[in-house]
Amino acid sequence: MKFFDLHCDTLYEIHKKNQEFFENKCHVSLKRADKIENYIGCFAFWMPDKYRGRSAVEFFDSLYEKFKEEKKKNDNLLKIIEDSQSIKNISNNKVGVLLGIEGCSVLNGDLNKIKFFYDLGIRIITLTWNGANEIGDGNAVENPKGITEFGIKAVKEMEKNKIIVDISHASKELFYDVAELSKRPFIATHSNAYSVCKHKRNLTDEQFKIIKEKKGLVGVTFCKDFLNSGKDAKVSDIMKHIEHFLSLGGEKTLGIGSDFDGTDIPDEIKGIQSIEVLYEYLLRHNYNEELVNRIFYGNSYEFFKNML
């Protein structure tokens, strides 16, 4: 089985808990990922909303230092994906790592930081977390506004540098402004279907169709609150969101964005070691293997191969 995960927060968790990437008590470890034939993970440097200005920059620096330490210790197991060639060269004895930032507070209002982060290996930037920052408003902001003047310049600079724009966590107002502004496909790394679970972090049918028409990606996520409002969410609830997006023509748009180590997930999935539970569940419910492989790996692989 191959697995391409569009979002996890493991780098934040191992930093917070002072654990190691190879073996830990988190959802994802390199040791437990070894059973997957090909595994590519989008590992986010999460910027909590409490960090703004200089404190956001300093917090990112601490996360990145931890990542450098772990990369050095596990260099024989990791392949950092920076361009289309490196993603094509992933072998089944390496974990592919795509680096992202979750929350543009890390820019500290400085457009030059975008090229700086690209040079560090960052290839995905989630515009907001739940609150507001220099780009615009997240989904938890009351009476949200659209994209700021700085945000317009920042999105253009991200696209210029081939950094993928991620609108998970964005307010609707910010989403629609990005949709109108963007020249390249953008993605929602970890968002579910609002029609299935009416949580404001989820995507409406119209939003999903816009991403699809722009040839972007949507990662179905395991967060219990986004599956069924947290009411004993199960793998069957994940399938409901997949089915809904497929009903909107999402065969080539859907991926998985687990949000491992960033949220509470269904009990059947203990972590990376049991991701096959969902894969086999879909097969047992008459999903053909080609489609399941597209959702689990192929769609995301093709997207990044073409976009980086």
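A disulfide is a pair of cysteine sulfur atoms within 2.5 Å. The views described below show a predicted model.

**View 1. Cysteines without a disulfide partner.** The structure holds zero disulfides. C26 takes part in none, and the nearest cysteine sulfur, that of C8, is 9.7 Å away. C26 is buried, with a relative accessible area of 6%. C104 is likewise in no disulfide; for this residue the nearest cysteine sulfur belongs to C42, at 16 Å. C104 has a relative accessibility of 0% and therefore counts as buried.

**View 2. The packing of helices α7 and α8.** Helix α7 spans residues 172-181 and helix α8 residues 205-213; their axes lie 11 Å apart, at an angle of about 25°. Angles under 35 degrees count as roughly parallel, and α7 and α8 are therefore roughly parallel to each other. Their crossing is left-handed. On the α7 side the contact is made by K172, F175, Y176 and A179, which meet E206, Q207, I210 and I211 of α8. By class, five residues of this contact are nonpolar, one is polar and two are charged.

**View 3. The buried residues of helix α7.** Within α7, the buried residues are L174, F175, V178, A179 and L181. Among the elements that cover them are α6 (149-160), β6 and α8. Two of these residues, F175 and A179, also belong to the contact with α8. An α-helix has 3.6 residues a turn, so residues three or four places apart point the same way.

**View 4. The surroundings of S258.** S258 is located in the loop between β9 (254-256) and α11 (276-284). Its relative accessibility is 0%, and S258 therefore counts as buried. H7 is 251 residues away along the chain, yet the C-alpha atoms of S258 and H7 are separated by 6.0 Å. Leaving aside neighbours within four places in sequence, the contacts of S258 comprise D5, H7 and C8, together with V220, T221, F222 and C223.

**View 5. Two loop residues with positive phi.** Most residues other than glycine have a negative phi. N108, which is not a glycine, has a positive phi near 55°. This residue is placed in the loop between β4 (95-102) and α5 (112-120). N108 is partly exposed, with a relative accessible area of 36%. H169 is also not a glycine, and its phi is positive at about 85°. H169 lies in the loop between β6 (164-166) and α7. With a relative accessible area of 7%, H169 is buried.

**View 6. H244 in helix α10.** H244 is part of helix α10, which covers residues 235-247. The relative accessible area of H244 is 18%, and the residue is buried, since buried means under 20% relative accessible area. Not counting residues up to four places away in sequence, H244 touches A193, S195, V196 and D205. Of these, D205 lies in helix α8 (residues 205-213).

**View 7. The packing of helices α10 and α11.** The axes of α10 and α11 come within 10 Å and cross at roughly 60°. The crossing is right-handed. From α10, the residues in contact are V235, S236, I238, M239 and I242; from α11, they are V277, L278, Y281 and L282. By class, this contact has eight nonpolar residues, one polar residue and no charged residues.

**View 8. The packing of helices α11 and α12.** Helix α12 comprises residues 289-307, and its axis comes within 10 Å of the axis of α11, with a crossing angle of roughly 150°. That makes α11 roughly antiparallel to α12, because angles over 145 degrees count as roughly antiparallel. α11 passes α12 in a right-handed crossing. L278, Y279, L282 and L283 of α11 form the contact with E289, V292, N293 and F296 of α12. The residues of this contact divide into six nonpolar, one polar and one charged.

Notes: Residues numbered from 1 in each chain as written. Predicted model: local features only at pLDDT ≥ 70, side-chain atom pairs only at ≥ 80, totals over all residues. Heavy atoms only, no water. Buried < 20%, exposed > 50% of the residue type's maximum accessible area, 1.4 Å probe, protein only. Axes fitted to C-alpha atoms, helices over the stretch in contact; angles between N-to-C directions. Helix = DSSP H or I, 4+ residues; strand = E, 2+ residues; numbered from the N terminus. Parallel < 35°, antiparallel > 145°, perpendicular 65-115°, else oblique. Left-handed = near helix turned anticlockwise from the far one by under 90°. Contact = heavy atoms within 4.5 Å. Nonpolar A, V, L, I, M, F, W, Y, C, P; charged D, E, K, R; others polar.
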